[in-house]
Amino acid sequence: MYPQSIKGSITIFMSMMLMLVASLLFTLLEGSRYLMLGMEAVLNSQSVTQSMFAEYHVPAYDNYHLFLLDSGYGTGELRLSELHARMQQLAQENLNPTVKGWGRYSHFLQMDAAQASVVQYQLATDQHAGALLEQMTQVMKKELATDFIDQTVKKLTGVQESSEQGKKADHYLDGALDAIEQAKEAEQQDALAAERLSKMRSLKLNSVSNTRILQTDTADGIQGEWTAEEVENPMEDIKSAKSSPLLMQVLTDEKGISAKQIAKEDAVEKRALNTGNYENAGSHGLADKMLIVQYLKKYTSNYLAEISVPHALRYEQEYILFGKYTDEDNLKKMASRLLLIREGINFAYLMTDSAKKEEALAMAAAIAAATGIPGAVKAIQMGILASWAYAESIAELRTLFLGGKIAAVKSAADWNVSLSEAAAVPFQTSIKAKEVKNGLDYNDYLLGFLTVESLEKIGDRFSNVLEKNMRLYAGYEQGKLDCMITAMEANYVYQAQQVFLTFVTIARLSKKGYQYEETYRFSYTDQDEQK
């Protein structure tokens with residue numbers, strides 16, 4: 001038998017060995033626990049952030065397929081502190097769930113959410129609604145083929161160039177009328193022409209009676225004379241029409257003009273906005289812009305296309321294009337833009353049609369003879385052609401505003417208005433252009449105008465449309481788009497106590513426990529990213 005002292009030493013040695021083994025075991029267990037706590041912090045940070053973004057604005061998604069997180073929660077204020085509180089509460093609940101009938105329970109991976117905050121955030125209105133525009137492109141990429149975009153671009157080529165021709169037509173009309181006016185003043189100062197002035201007073205400037213006119217038969221190249229009982233001069237009537245309300249000349253149906261309007265001072269593009277600090281270097285190319293325009297075509301309304309969602313304005317696409325705060329003003333701008341384009345196209349065609357140019361020249365010669373200014377024949381001819389182009393354009397606009405199609409490029413077969421009826425066209429709404437099967441309609445032109453508009457204006461004005469429409473829903477009356485988050489970087493701080501090391505004597509010297517810090521980024525448009 002061993003002496004008592006030896007037995008005691010063995011016992012002490014065995015105890016120490018057991019303690020050493022236990023310490024090693026508990027240290028390994030605590031090390032594993034430390035790693036698992038870190039993984040839990042990562043997963044919880046992702047879960048909480050994504051759960052916040054799952055609370056998206058329901059009407060915005062249901063009506064527009066856009067995701068927005070309202071950080072003001074219906075108040076119209078940017079309340080990041082409330083968002084922080086919600087994040088921390090959810091983070092704590094995830095880590096320490098309440099079990100029905102048992103209260104909260106403890107486990108070896110017990111951890112607390114000490115802090116949750118938003119470090120960076122992107123608002124829907126930042127960078128002229130860049131995040132919204134990006135979401136819009138993503139929506140349409142799922143619906144449209146790229147060849148459709150290419151066809152649309154080709155279809156609308158040359159639309160803007162036509163507006164310059166329209167301006168020239170107006171210039172020629174004004175120049176012709178000025179020439180006639182100057183001649184009238186000169187005649188009034190010429191005492192020797194009193195007899196001729198007396199005869200002129202019996203004539204209207206828009207008619208010339210019993211005048212011998214040379215007319216060219218362009219079909220066989222033979223010139224001949226003909227006597228016109230009365231030649232209508234359209235220039236004065238067209239000039240008068242140009243100073244009259246355009247919509248009265250164009251609209252022929254009975255549905256009337258929308259009276260809806262929005263407040264200018266509360267517009268997104270006018271008021272001071274909250275701004276985020278999220279780093280985003282996104283940009284949009286031509287293909288993206290075409291997708292954005294197609295999105296607007298599908299999800300917003302215009303004069304001829306209405307969608308079944310509440311509207312603050314009836315003509316939304318026209319507002320996005322022109323930025324006026326009443327439907328009527330936007331429709332006026334649309335009609336004026338269309339008129340300028342069509343005048344340019346029609347005037348350019350007239351300058352290539354020798355028969356119509358000869359017809360205008362014959363009328364110009366008659367007017368010059370009656371007014372005593374033979375040297376102004378060419379100027380008057382150009383004024384007549386400009387007036388003719390205007391009358392043709394008014395007839396075309398009536399067809400467009402009724403939903404019909406007109407020829408994109410004019411030809412003799414597509415011409416509608418004769419020179420003799422040009423003066424009456426602005427005042428007779430029954431005169432319309434004939435429809436062309438493969439032509440352009442109102443929506444095509446509106447699409448083309450939006451395509452050449454800046455994305456900054458489109459983003460700002462669409463934001464205003466979206467915000468004002470969302471306010472029409474119960475519970476969202478105070479909502480503001482510059483309080484709605486589309487992306488953010490969130491920071492979380494977690495604390496956990498030691499568990500297994502509390503059984504190790506040497507570890508009791510440390511009471512600090514563990515602290516974990518995680519940062520997680522999430523965007524409605526980008527892939528989630530762990531930083």
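**Strand pairing, salt bridges and surface patches**

Leu69 has Ile485 as its bridge partner in β7, where strands, like helices, are DSSP runs numbered from the N terminus (E, at least two residues, for strands; H or I, at least four residues, for helices). The structure is a predicted model, in which local features need a pLDDT of at least 70 and side-chain atom pairs count only at pLDDT 80 or more, whereas totals for chains, interfaces and linings use all residues. Residues are numbered from 1 along each chain as its sequence is written, and side-chain values use heavy atoms, with hydrogens and water left out.

The pair formed by Leu69 and Ile485 belongs to the contact between strand β1 (residues 69-70) and β7, which run antiparallel and are joined by two bridges; two strands are taken to pair if DSSP finds at least two bridges between them. Strand β4 (residues 112-123) is also antiparallel to β7 and is joined to it by ten bridges, and within this pairing Val118 has Ala490 of β7 as its bridge partner. Ten bridges likewise join strand β7 (residues 484-496) to β8, again in an antiparallel arrangement.

Strand β7 is largely enclosed by the rest of the structure, because twelve of its 13 residues are buried. Strand β8 (residues 514-523) is mostly covered as well, with eight of its ten residues buried.

Side chains of opposite charge can pair when their charged atoms come close. With a salt bridge defined as a side-chain nitrogen of Lys or Arg within 4 Å of a carboxyl oxygen of Asp or Glu, the count comes to 19 salt bridges. In one of them, the side chains of Arg86 and Glu55 meet with an N to O distance of 3.8 Å. Arg86 lies in helix α3 (residues 80-95) and Glu55 in the loop between α1 and α2 (58-64), so this pair ties together parts that are 31 residues apart in sequence. Both residues are partly exposed, Arg86 with a relative accessible area of 32% and Glu55 with one of 37%.

A further salt bridge is formed by the side chains of Lys468 and Asp266, with an N to O distance of 3.8 Å. Because Lys468 lies in helix α16 (residues 455-470) and Asp266 in the loop between α9 and α10, the pair ties together parts that are 202 residues apart in sequence. Lys468 is buried, with a relative accessible area of 9%, whereas Asp266 is partly exposed, with a relative accessible area of 21%. These two residues also take part in a network of salt bridges that links Asp266, Arg271, Glu467, Lys468, Arg471 and Asp482.

Lys332 is partly exposed at 39% relative accessibility, and Glu328 is partly exposed at 35%.

Surface patches were built from residues with over 30% relative accessible area and no salt bridge, like charges being joined within 9 Å and nonpolar side chains (Val, Leu, Ile, Met, Phe, Trp, Tyr) within 5 Å. Accessible areas come from the Shrake-Rupley method with a 1.4 Å probe, and for residues only the protein chains shown count as cover. For charges, Lys and Arg count as positive and Asp and Glu as negative, while His and the chain ends are not counted; the place of a charge is taken as NZ of Lys, CZ of Arg, CG of Asp or CD of Glu. A patch of positive charge is gathered on the surface by Lys264, Lys270, Lys324 and Lys333, and of these Lys270 has its place in the loop between α9 (246-250) and α10 (286-299). A nonpolar surface patch of about 250 Å² is made by Ile6, Ile10 and Met14. Ile10 lies in helix α1 and is partly exposed, at 40% relative accessibility.

Helix α1 (residues 4-53) also holds Arg33, which is buried with a relative accessible area of 4%. Arg33 and Gln110 are 77 residues apart in sequence, and their C-alpha atoms are 10.0 Å apart in space.

Technical notes
Buried < 20%, exposed > 50% of the residue type's maximum accessible area, 1.4 Å probe, protein only.
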